[in-house]
Every structure is written in structure tokens, then in C-alpha cells.
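Hi everyone, thanks for coming. Let me put the structure up on the screen, and then we can walk through it together.

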Amino acid sequence: MRYPATEIEAKWQKYWEDNSVNKCDYNAKENKLYTLVMFIYPSGAKLHCGHWYNYGPVDTWARYKKLRGYNVFEPMGYDAFGLPAENYAIKTGIHPHDSTMKNIEDIRVQLKRIGCMYDWDAELMTCDPGYYKWNQWLFLKLYEKGLAYRKNAPVNWCTSCQTVLANEQVLNDGSCERCGSEVIQKSLTQWFFKITEYSEELLQGLDTIQWPEKTKLMQKNWIGKSTGAEVDFNVEGSDEKISVFTTRPDTLFGVTYVVLAPEHPLVDKITTKENKETVNAYRDSVKSLTEIERTSTVKEKTGVPTGAFAINPVNGEKVPVWIADYALLTYGTGCVMAVPAHDERDFEFAKKFGLSIKKVILQPGTDVDAELTEAYTEKGIAINSGGFNGLDSEDFKIKITAYLEQTGSGRGKINYRLRDWLISRQRYWGTPIPVIHCPSCGEVPVPEEDLPVELPYEVEFRPTGESPLLSNQNFINVKCPNCGGEGKRDADTMDTFVDSSWYYFRYLNPGFADGIFDTSKTDSWVPVDMYVGGAEHATMHLLYSRFIHKFLRDIGLTKSDEPFQHLIHQGTITNQGAKMSKSRNNVVNPDSFIERHGADVFRMYLMFMGPYEQGGDWSDKGITGVDRFIGRVYELFNTYKGLAEKVKSAEKYDITTLNDSGKILYRKLNQTIHKYETELEHFRFNTAIAALMELMNEAQKQFDNCSDELRLFYLERFAVMMAPLAPHFGEELRSLLGAGSSIFASPVWYSADESALAEDSVNYAIQVNGKLRATIPFGVEAPEDEIKAVSKSDERVRKFLEGKQIVKEIFVRNKILNIVVK
């Protein structure tokens with residue numbers, strides 16, 4: 001019997017909407033479960049397989065938890081600002097606002113068709129002034145606390161997108177993560193959020209959340225905590241000093257040169273007249289390189305001397321000062337003490353430029369006088385280090401740091417790789433920065449009562465290399481709130497990761513007008529209990545959200561320390577082994593399959609393809625198999641339509657009173673419930689579906705010999721297990737039996753009968769010389785002697801034993817008997 005998916009799915013979607021089935025009761029705080037997927041970019045494309053794979057299975061898990069008694073809140077919104085929408089607008093000539101709003105309308109229809117239990121009263125979009133007003137408010141609060149600041153700095157500039165990129169948005173090959181174009185360095189005055197203020201807490205907090213270990217490790221490495229010392233080298237013949245950070249103060253006696261970042265302000269002050277021209281030429285040659293390119297371990301080392309010398313504070317030795325592109329102004333102090341004997345990069349540099357190499361840490365088991373052929377970077381014993389000779393590296397670090405502090409030439413220090421979050425973007429489609437620049441007053445924050453600073457519609461949004469908002473003079477020119485004089489608005493917009501750094505709070509009351517979010521709800525519902533989205537956001541969205549959450553806590557707006565308690569990353573759906581893309585002509589359009597098979601079949605097939613966190617490879621044949629399974633189930637339930645109105649099933653049965661078919665079905669059903677619970681709890685949808693398919697096969701073998709009461713017992717439980725996986729279909733199955741209401745309006749769950757899980761008998765594999773000769777069922781508690789005797793007398797086995805001598809019997813309880821003969 002063909003399952004009429006289109007008709008039935010429309011019917012149940014209307015029922016859910018008309019009866020507010022998906023609305024959350026915020027007051028029922030016991031067993032609250034806040035489930036969230038990363039919201040969608042409503043750019044040029046509509047929903048594709050990747051969106052479905054993110055949204056459908058997570059909704060299945062949330063529906064399962066609802067049936068288990070949890071009060072589930074599952075919202076959806078639109079990450080509506082940003083480059084995808086703006087680039088689409090540039091390509092088509094359609095204004096970003098118009099294309100975004102049209103796409104949101106289309107996507108909303110598609111999302112509803114999935115059948116997720118989103119509470120549509122909680123919908124939000126970040127391009128709404130009622131939302132981004134609070135981005136601006138958040139900016140002002142950070143500014144008040146000294147955590148939002150503006151400075152001139154070298155930044156990553158995408159040559160195609162014509163905007164600044166954060167370090168996290170530049171790929172390892174130095175290209176833009178959005179468009180793949182070349183990223184160069186520019187010096188611009190930009191706004192930053194001081195995420196570095198929270199470095200240590202961001203690190204420590206990782207131990208309190210249940211996230212994938214790989215993601216936590218990525219954040220740990222990105223934060224990059226280093227413990228060491230800051231050392232001051234005086235510049236010969238000058239009052240200037242060069243401060244360097246090192247994790248190896250035990251190698252200080254081996255410093256043979258010092259390196260400054262080419263952009264370092266000291267370079268202009270200490271470079272000798274003879275070296276000026278060479279230094280300036282070198283600075284010009286490296287200024288377009290990105291930080292990733294400059295610090296690449298495979299890149300050829302380059303640099304030039306400044307002509308200046310620095311004095312090593314521990315031995316008074318004079319060492320040359322160079323500039324080189326591998327020293328970064330944005331990391332540490334922008335200065336590096338070079339110890340070629342004990343650092344691979346310094347060793348290569350010294351070899352190339354003929355600089356001195358001085359061994360000060362002896363590798364155990366080696367000769368003090370042996371020449372180094374490569375840098376020795378491990379621990380060892382101090383040599384050529386004055387009064388510290390003979391100390392092991394760890395003791396040496398402690399003692400030399402104490403010496404530096406006593407002599408005033410250095411201090412112990414902790415350093416972090418993490419940089420402040422650059423939020424300025426020279427693009428149109430984003431949140432305007434709420435600052436006015438006044439010739440008299442300088443930077444003037446827009447007063448809170450004047451928020452939001454609304455994004456004007458009339459703008460030339462095509463990229464020119466400067467902020468598009470500059471093209472609207474009515475927006476730019478404004479009176480200074482302080483002095484009333486002529487001022488200009490800041491023309492940049494905020495990084496859209498600001499929008500997504502706190503959105504999970506706003507869902508709980510999107511229309512709230514009295515604050516950034518409604519704390520009467522968020523105090524009970526935040527943090528998010530289960531968050532699901534792509535692993536590519538590990539060092540961007542997921543890190544920024546943690547920072548902003550901690551800031552909101554510190555200003556008294558939330559009681560929790562972390563935004564997302566549990567995190568799962570979905571895998572990737574491929575087609576013919578390759579990532580789906582238009583250029584490969586292998587994109588699967590969900591709409592065409594939904595028209596043919598229905599949303600539930602499409603959802604179930606995506607979940608059946610493989611482990612959720614790995615993904616799977618699309619197959620048109622595979623979805624047909626799921627479709628056939630749904631058809632078989634539908635036919636079975638139609639056969640017993642209205643059965644609940646004719647008979648009543650017991651809450652559970654004594655398995656010993658059932659006939660053989662009844663025992664088999666009852667045991668298999670309860671084993672499946674038990675397995676289903678375990679698998680769904682851990683997002684193992686594929687194995688849960690496989691268990692239901694096995695159960696269905698067993699039911700079709702045993703149903704004819706079962707009572708109507710036991711049949712109803714089975715059908716009721718099967719329908720409930722189908723409901724999270726295929727929500728419209730599950731509702732329809734229960735309706736066919738005679739259920740009077742939606743299972744999601746009045747949740748039901750049937751737990752397994754623990755007493756029925758164990759098998760009465762097991763099949764033993766009976767082997768002769770390792771070859772299977774028979775499969776024989778025995779009672780679970782059958783004695784070993786009985787199993788051996790019965791097996792040897794079985795005709796299928798006996799003929800292989802006749803005339804042979806039994807030399808060994810290998811018996812594994814409840815599994816095999818292997819009889820070895822010769």
C-alpha cells in the first residue's frame with residue numbers, strides 16, 4: 001500500500017500549528033531541555049542536504065526527549081547579515097535587504113515542511129533593527145568596560161571581498177575562507193573586542209563542558225597558553241630596550257642575535273643610517289604577506305640587519321639586532337631572542353646568514369664539544385651558562401627567572417597566542433558601529449536612547465575598498481551628541497559573529513523591548529543543553545560566544561559560565577564520494593525527493609546513511625529502501641486499523657505464558673526498545689532505524705500466531721518509536737490504531753520490560769576442525785556436557801566425526817563448540 005506522504009504530512013503540520021503543539025511552556029522549568037542548531041544563513045541558496053542533515057536528526061533527538069518527559073524548547077532563526085547575502089546581492093543586483101527577506105520567506109516554508117517542532121513564535125532574524133539594536137548596546141557595554149577599542153594595526157584584507165578578515169577567517173594557505181581569494185596585509189584603524197582579557201578563563205572553562213575533544217583541543221591551541229619569562233635587552237648606545245618573551249629562559253646564555261618584527265616602532269629608532277635603505281626595502285617587500293605566510297615553517301627564511309646591537313642581560317654580550325618577517329608585532333612583544341643551537345627556525349636563519357651558534361643545553365649522552373648539525377630543542381643540562389652550569393633545564397628555568405627578577409632585567413610571565421577579536425568590516429550588510437567621530441571630542445559613543453543606529457537602505461553596496469556606508473552622506477554626517485558640532489558616524493559594520501555570539505539568549509523572548517534579553521526566562525533556560533552545528537566554527541563562533549557569555553555574566557545578566565553545555569558536530573553528506581557542489585554537478589535537491597517520497601522518508605534516509613557525526617554518501621537506491629520500509633509499516637497498521645477500539649493491551653506480559661511466536665515477538669520488541677533508547681540518546685540514528693527494520697521483519701514472521709492484544713501491544717510501541725524518526729508518520733500510525741490526540745501534545749513513552757530482554761535459548765555454531773557444520777539452539781543455562789552430547793549426535797555433525805579421533809573440544813559458552821579431529 002502506497003503511503004500518501006504529501007497529504008498526511010500537510011495534515012499533521014496543520015494540526016500542530018492549529019493546536020500550538022510545538023509551543024514551549026517556559027514556566028515548566030523542571031526537566032527543561034534547550035535544544036539548538038546553529039541558525040541558517042539566508043543567502044542566495046535555499047535549504048540543501050547539509051541543512052536537512054543538521055536540522056532533521058537534531059529534531060528527532062529533541063522529539064525523542066520530549067516523549068521521555070522533557071520540556072523541550074527548540075527555536076529557529078536566521079543569521080541574516082553578512083557576506084553571503086551581500087555577495088549574492090552584488091551578483092544579482094538585488095538589494096541585500098530585499099533578497100534576504102525573500103529568502104527568509106522561502107526558507108521558512110521549507111523549514112516547516114521538514115516537520116521540525118520549532119516554536120515559530122520564537123523566530124528571530126539578525127537583520128531586524130529590533131535585534132541588532134542590542135548588538136550595538138553590547139558594543140557600548142564592552143566600550144564602557146574598556147573591552148572595545150580602536151587602533152591602527154596590520155590586518156588581513158581580502159582582495160575580492162574588499163574587507164578585513166579576522167585571523168580565524170584566513171585559511172592555512174593564506175586565502176579567504178569565504179571566497180578563496182588572496183588575503184594581503186594592510187594597516188587600518190579598526191575596532192577590536194578584548195577577548196584576550198578572558199584568555200585564562202576561556203581555557204579553564206573547557207574542562208566544564210561536554211564538547212568533542214578535538215574541538216576543545218582546537219580552542220586550547222588557538223588560545224595558546226605559554227609560560228616563560230619576559231627579558232629586557234638594552235640597545236647599545238641608546239636608552240631604548242628590547243623586551244622579548246621566551247618559554248626557554250634556560251637558553252638565554254645562547255642568544256646570538258635578536259629579531260624585531262618589521263613593523264615594530266623600535267625599528268625606526270634604532271636602525272643605523274647605513275642600514276636604513278636596506279631595512280625600508282625589506283619592510284616594503286613583506287608588508288603584503290599574511291601572518292600565516294610569514295610564520296610558515298616551510299617558507300624560506302628572510303631578514304636584514306638593522307646595524308644596532310643589544311646587550312644580553314645575563315652575560316653582557318653584544319648581539320646584532322635583525323628584522324625578519326617571522327617575528328609578528330601582534331604576538332608577544334613583537335621581538336624574538338634567537339638561540340640557534342636550540343630552536344629549529346633560529347638554527348636555519350643563523351646558518352643562512354652566517355650568524356653565531358652557541359650550545360648552552362647539552363643533550364644527554366653527547367659530547368660538549370661536538371658541533372651541532374641541527375638544533376637540539378629538548379631538555380638537558382646547562383653548559384656555557386656561567387654559574388648555572390650543571391643544572392637541568394627545568395631547575396635552570398626557575399633559577400634564571402628568579403635572577404632576572406632580582407636584577408630587574410626580566411620577570412616571569414604567561415603569554416597567550418590568542419589575539420583580540422577584530423570586529424570592523426568594510427561592508428554594507430551588517431550592524432552599524434554605534435560611534436560618532438567628532439573633530440573636537442574624538443570618539444563619542446552613540447547614547448543608548450538613540451539606538452538602534454539603523455542601516456540605511458540607500459547605499460552603494462558594491463565593494464570599492466572603502467566602507468559602502470560612506471556613500472550615504474545623510475547617514476554619515478551627524479551632530480556630535482557631546483558638543484553638538486559636526487561629526488561623522490563610523491562607516492564600518494560589525495563582524496557578523498557578533499550577531500551569533502549571544503542569539504541563543506534572545507530566542508526565549510525575541511520581541512523583548514526592555515533589554516538585550518528577558519532574564520526572567522534566560523535565568524532558567526540558559527545555558528543551551530544541546531547545541532549542534534559544524535566543526536568549522538571551533539575557533540570562531542564557538543569561541544566568541546564563550547567570551548561574550550562570560551562578559552554578560554560579569555555585568556550581571558546571566559548566572560551561568562558557558563553558553564552551550566553539550567556540543568555535537570554533524571558529519572558531511574557526500575555524493576559519489578565527493579562533497580556536493582554545483583561545479584561537480586552532484587548536488588542533491590531535497591525538494592524533488594520530498595515530492596516523491598515525503599519529508600519523513602527523506603529525514604529517515606539521511607539518518608540511516610551512517611553515523612551522524614561522520615555523515616555518509618548519498619544513494620538514490622538507499623532512499624528507495626527506506627521508502628519501501630515505510631510502505632510495509634503503513635500496510636501493516638492499515639491491516640489493524642482501529643484495533644485499539646476493539647481490544648486493550650496489557651502494560652506488560654509474563655513471557656512464560658505466551659506461545660512461541662508471542663515469546664519471540666515480545667522479547668524482540670523489548671530488546672529493540674532497549675537498544676533504541678541507547679542509540680537515540682547518543683545520536684546513533686542509523687542503528688536505531690536498523691533495529692526497527694529488524695523488528696518489523698520479525699513481526700511479519702510472527703504476527704499471524706499472536707493474539708490481537710499482543711499485536712496491539714506491539715503496534716502501539718512501534719508507532720511511538722517511529723514518531724521521533726518520522727514525526728508525521730508516527731502520528732498517523734497512532735491515529736490508525738485509534739489514538740485520539742497527538743503524541744507530541746500528550747507525550748507517551750513505553751519502557752522496555754527488563755525481564756524479557758534475556759534470551760531463553762541461543763544458537764550455537766557447531767564446528768568440526770573450524771568449519772561450520774550445524775547451528776543448534778540450546779537453553780541459555782544448558783550444561784556443557786549436554787551441549788556436546790547433543791551436538792555430536794546430530795546427523796549434520798556425526799558424519800564428520802565417524803572414523804576420526806577427537807583430539808580437542810573448544811567450547812565457548814553461548815557461542816561455539818569446535819570439535820578438532822584427526
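I'll go through the domains, then one interface, and then a few local details.

A quick word on the ground rules: this is a predicted model, so to speak of local features we need pLDDT of at least 70, side-chain atom pairs count only at pLDDT 80 or more, and totals for chains, interfaces and linings use all residues. Residues are numbered from 1 along each chain as its sequence is written, and side-chain values use heavy atoms, with hydrogens and water left out.

Let's start with the layout. The protein chain is assigned domain 1 (27-129 + 502-584), domain 2 (135-221 + 421-496), domain 3 (225-416), domain 4 (641-756) and domain 5 (761-821). Those bounds come from an automatic or database domain assignment.

Now, the interface of domain 2 and domain 3. Their C-alpha centres lie 34 Å apart. Counting heavy atoms within 4.5 Å as contact, 12 residues of domain 2 touch 8 residues of domain 3. Together the two domains bury about 980 Å², with 57% of it on carbon and sulfur atoms; buried area here is the accessible area (1.4 Å probe) that two parts lose on being put together, summed over both. On the domain 2 side, P154, Q185 and E200 lose the most area to domain 3, together 41% of what that side buries.

So what holds a charge across this boundary? The count between domain 2 and domain 3 is 1 salt bridge, meaning a side-chain nitrogen of Lys or Arg within 4 Å of a carboxyl oxygen of Asp or Glu. K225 and E200 also form a salt bridge through their side chains, at 3.1 Å from N to O. Two elements, β7 (183-193) and α6 (199-205), each supply at least two residues of the domain 2 side that touches domain 3; helices (H or I, at least four residues) and strands (E, at least two) are DSSP runs, numbered from the N terminus.Next, some local details. The rings of W322 and F353 have centres 4.9 Å apart and planes at 50°, so this pair is tilted; rings of Phe, Tyr and Trp (its six-membered ring) pair if their centres lie within 6.5 Å, with planes under 30 degrees apart counted as stacked, over 60 as edge-to-face and the rest as tilted. W322 sits in strand β12 (residues 318-324) and F353 in helix α11 (residues 344-353), 31 residues apart.

Finally, the backbone. The peptide bond from L451 to P452 is cis, with omega near 0°. N384 has a positive phi of about 50° although it is not a glycine.
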